[in-house]
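Please open the model in your viewer and keep the selection panel at hand. The stops below proceed from one selection to the next, with a short account of what is found at each.

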Amino acid sequence: MFANFTFEDPQFFWLLLLLPVAIAWYFWKRNRQSPELKISSIKGFKASPGILGKLKPVLFILRLLALALIITAMARPRTVDVSTRSSSTQGIDIVMAIDVSASMLARDLKPNRLDALKEVATNFIEGRPSDRIGLVVYAGESFTKTPITTDKSIVLRAMEDIEYDNILQSGTAIGSGLATSVNRLKDSKAKSKVIILLTDGVNNAGFIDPKIASELAVEFGIKVYTIGVGSNGMALSPIGITRGGRIQYGNVQVEIDEELLKQIAEDTGGEYFRATDNEKLEEIYEEIDALEKTEIEEFRYYNYDEKFRPFALLACGLLLFEVLLRFTVFRSFI
């Protein structure tokens, strides 16, 4: 009830210390406030004191209450209603280009590279409420899974639906994946445009040279962060499919064109990262998240409703009531 109740000038409450002083003064002087008559004996006065005489301190109590209310009114009680509005002063548009070739099913990350990426990327998306995010997937060719949008539910559903289904041609077309991502961002009006390109192989498919795609990113002012996924050495990876449609696994040498990924990142002003396990992959996305921060400006609006008037009116009412009693009911006792 009083969560938003404040006082603009609470220093006036120090005046309440005068009330105990007034009470002490009243008790010290009360025997001298009524006329006195000294006689040798009061045996002739049989009548008991009237009730009005006992109620006379009510006048003093009313005056004390009025004084307390006046002090409270001077402290300016009021309620405050706070509303906020946030605006992005530096919006970021992000496209996540994800390799979905068969090698992404390798089990050097748990449960495999693709599922490990989906979990980490989902957390990354959920932590960017003010940015527009899109998804591009690629293997031997590429396509846009989700255009850049502020609707995170759409992006998260699209991320959840990503899986290896052998629809795309086999291979890893890094150039095509990067070019498609650039095409998604080239018309963006955002102050910062970012591509997060993830792959676990070498460019061995597609019709677009990764260097040409990188030059396009530079031309449109797009920064590219590249991530190579895969452990060092051998990894349990898909090597074939049985007649029943089950994937066969075998130890395969991990090959990532790190020189190409480093060059793309350097040319576009980004950085290259290597994720050899789940923890490292999570750290990489956390680092990118820290590097690409959206500046949020928050505006607070305060609506004050002054509440001193009821206290002041009640104090005036008590004072008038006290004066009225003093000159009517208690008139003979003054």
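A nonpolar core, as the term is used on this tour, is a set of buried Ala, Val, Leu, Ile, Met, Phe, Trp, Tyr and Cys residues joined through side-chain atoms within 4.5 Å. The model is a predicted one, and with that in mind the tour begins with the whole chain.

**The whole chain.** Display the protein as a cartoon, in which 10 helices and 11 strands can be traced. Of its 334 residues, 38% count as buried, and among the contacts with a separation of 6 or more, 80% are between residues 24 or more positions apart.

**The sheet.** Next select the six strands that form an open sheet, in the order E5-E4-E3-E6-E7-E10 and with mixed pairing. Strand E5 (142–149) and strand E10 (272–275) stand at the edges with a single partner strand each, so one side of each is left without a neighbour in the sheet. From one strand to the next, the twist averages 15 degrees.

**Strand E3 and its partners.** Select residues 92–99, which make up strand E3 and are joined by seven bridges to strand E4 (residues 132–138), the two running parallel. Within this pairing, Met96 has Leu135 of E4 as its bridge partner. E3 also pairs with E6 in the parallel sense, again over seven bridges, and here Ile98 is partnered by Leu198 of E6. At Asp99, the bridge partner in E4 is Tyr138.

Because eight of the eight residues of E3 are buried, the strand is largely enclosed by the rest of the structure.

Select helix H4 (residues 113–126), which lies across E3, E4, strand E6 (192–199) and strand E7 (222–229) and runs at about 170 degrees to E3.

**The cores.** Which residues have the most contacts inside the largest nonpolar core? Select Met96, Ile227, Leu281 and Tyr285, which hold that position in a core of 34 residues. At least two residues of this core are supplied by each of E3, H4, E4, helix H5 (152–161), E6, E7, E10 and H9, and H4 gives the most, with seven residues.

Centre the view on Ile227 and display its surroundings: leaving aside residues up to four places away in sequence, Ile227 touches Ile196, Leu197, Leu198, Thr199, Leu261, Tyr272, Phe273, Ala275, Leu281, Ile284, Tyr285 and Ile288. A second, separate core has 24 residues, including Leu185, Leu197, Ala213 and Val224.

**The annotated spans.** Finally, select residues 12–28 and 311–329, which an unreviewed UniProt entry annotates as "transmembrane region". In the model, residues 12–28 are 65% helix and 0% strand, with end C-alpha atoms that lie 27 Å apart. Residues 311–329 are 84% helix and 0% strand, and the end C-alpha atoms of this span lie 26 Å apart.

Terms used:
Residues are numbered from 1 along each chain as its sequence is written. This is a predicted model: local features need pLDDT of at least 70, side-chain atom pairs count only at pLDDT 80 or more; totals for chains, interfaces and linings use all residues. Side-chain values use heavy atoms; hydrogens and water are left out. UniProt positions are given in the numbering used here, feature names are shortened, and annotations may be inferred rather than shown by experiment. Helices (H or I, at least four residues) and strands (E, at least two) are DSSP runs, numbered from the N terminus. Two strands pair if DSSP finds at least two bridges between them. Axes are lines fitted to C-alpha atoms, for helices over the stretch in contact, and angles run from 0 to 180 degrees between N-to-C directions. Contact means heavy atoms within 4.5 Å. Buried means under 20% relative accessible area, exposed over 50%, partly exposed in between (1.4 Å probe, protein chains only).
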